[in-house]
Amino acid sequence: MDDQERLERNRETWDLRVGAHVGSEFYDLEGFKAGGSSLRSFEVEALGEVRGKRLLHLMCHFGLDTLSWARMGAEVTGVDFSGEAVAAARRLADEMGLPARFVQADVYDVADILEAESYDVVVATYGVLVWLPDLAEWARVVARLLRPGGVLFVAEFHPMQSLVDSELRICTSYFRTGAADREVAASYTGQELPAHVQSTWPWTVGGLVTALAGAGLRIERLDELPVDLRQRHPRMALGDDGLWRLPGDPIPLLLTCLARSVGVGGLGGGVAEGGGGREQR
């Protein structure tokens, strides 16, 4: 099976998950409808003021984070390859009366569909990189979409997490390559699903940095954080900030990266003219 066949199979599995995820406690859709936000404080702090900015959310699932950015005043577009996810996102936007555009497209094709060099912000968050067989091409797509001076913000589960078992013993190589195919019968939100095979691709921090730099993006900040969005290991404890961490912070659990498109006007301040610079996919 080649990578394109794997991507198509993955799309089918994400169509399968949407209904379960929309009604899950994990995503807390009712809390969002009551005025809550699905964004974490460090995401908001990284991008600063987004009001009036054109924001593109890649691999947006059913749009909860996308619409949270819309509530902050951004002009948002969400993209996902799952038709079920895009349909659910559009229904949610209509129900909440939030202005948003949602587009069904493969992430590698989106630069041929949307307006080039027109986005102030591109966002890709949580569990997205493992679904990409080619990080370098993805970075080139992002670079084509950003206006000069625009920024990419990535928040991702650190690849170190995939190396250890429940006892935090290293069980595979950080430098492994090639797709991994495995059968699953449940989602990370806890619901059982019909058994299906999903394919993921490994990535490294160095690989991400090299891909972004190779696409002409200037990395302004790269942070490794000792916190996670959910309890993956029995030893994890929930903090007052709603994030999970391991005793003693032995390994990084999340990674965030801010990279800028450098061109005419690309050496200026933050995303908002001086502003600071979920499982999800």
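Contact is taken here to mean heavy atoms within 4.5 Å, and the packing described below for this predicted model is to be read in that sense. On this basis, the buried residues of helix α6 pack against β1, β4, β5, α7 (205-214) and β8.

The protein contains seven helices and eleven strands. Its radius of gyration is 18 Å, close to the 19 Å that the globule rule gives for 281 residues, so the protein is as compact as a globular protein of that length. The C-alpha trace spans about 50 × 45 × 40 Å along its principal axes. Of the 281 residues, 52% are buried, while the accessible surface comes to about 12,100 Å², with carbon and sulfur atoms contributing 50% of that area.

Seven strands form an open sheet with mixed pairing, in the order β3-β2-β1-β4-β5-β11-β8. Strands β3 (100-104) and β8 (217-225) stand at the edges and have a single partner strand each, so that one side of each is left without a neighbour in the sheet. From one strand to the next, the twist averages 15 degrees. Strands of a sheet pair through backbone hydrogen bonds, in either a parallel or an antiparallel sense. In the part of the sheet that includes β2, the pairing of β2 with β3 is parallel and extends over five bridges, and the pairing of β1 with β2 is likewise parallel, over five bridges. Residue V79 of β2 takes part in both pairings, as it stands opposite V103 in β3 and is also the bridge partner of L58. Helix α5 (residues 83-96) packs on the sheet, where it touches β2 and β3, and its direction makes about 170 degrees with that of β3.

Strand β1 is largely enclosed by the rest of the structure, because five of its five residues are buried. Both of its faces are covered, with R54, L56 and L58 buried on one side and L55 and H57 buried on the other. Helix α6 (residues 135-145) lies across β1 (54-58), β4 (119-125), β5 (146-157) and β8, and runs at about 140 degrees to β5. The buried residues of this helix are L135, W138, A139, V141, V142, A143 and L145. An α-helix has 3.6 residues a turn, so residues three or four places apart point the same way.

Apart from its neighbours within four places in sequence, E75 is in contact with K53, R54 and L55, of which R54 and L55 are among the buried residues of β1. The C-alpha atoms of E75 and A100, which are 25 residues apart along the chain, are separated by 7.0 Å. Residue S38, by contrast, is placed in the loop between α2 (29-33) and α3 (41-47), and its relative accessible area of 5% makes it buried, because the limit for that class is under 20%. The side chain of S38 makes a polar contact, at 2.3 Å, with the side chain of D65.

Technical notes
Residues numbered from 1 in each chain as written. Predicted model: local features only at pLDDT ≥ 70, side-chain atom pairs only at ≥ 80, totals over all residues. Heavy atoms only, no water. Pairing = 2+ DSSP bridges. Helix = DSSP H or I, 4+ residues; strand = E, 2+ residues; numbered from the N terminus. Axes fitted to C-alpha atoms, helices over the stretch in contact; angles between N-to-C directions. Rg over C-alpha atoms; globule rule 2.2 N^0.38 Å. Buried < 20%, exposed > 50% of the residue type's maximum accessible area, 1.4 Å probe, protein only. Areas by Shrake-Rupley, 256 points an atom, 1.4 Å probe, with all protein chains shown as cover. Polar contact = N/O pair within 3.5 Å; in protein donor to acceptor, adjacent residues only side chain to side chain.
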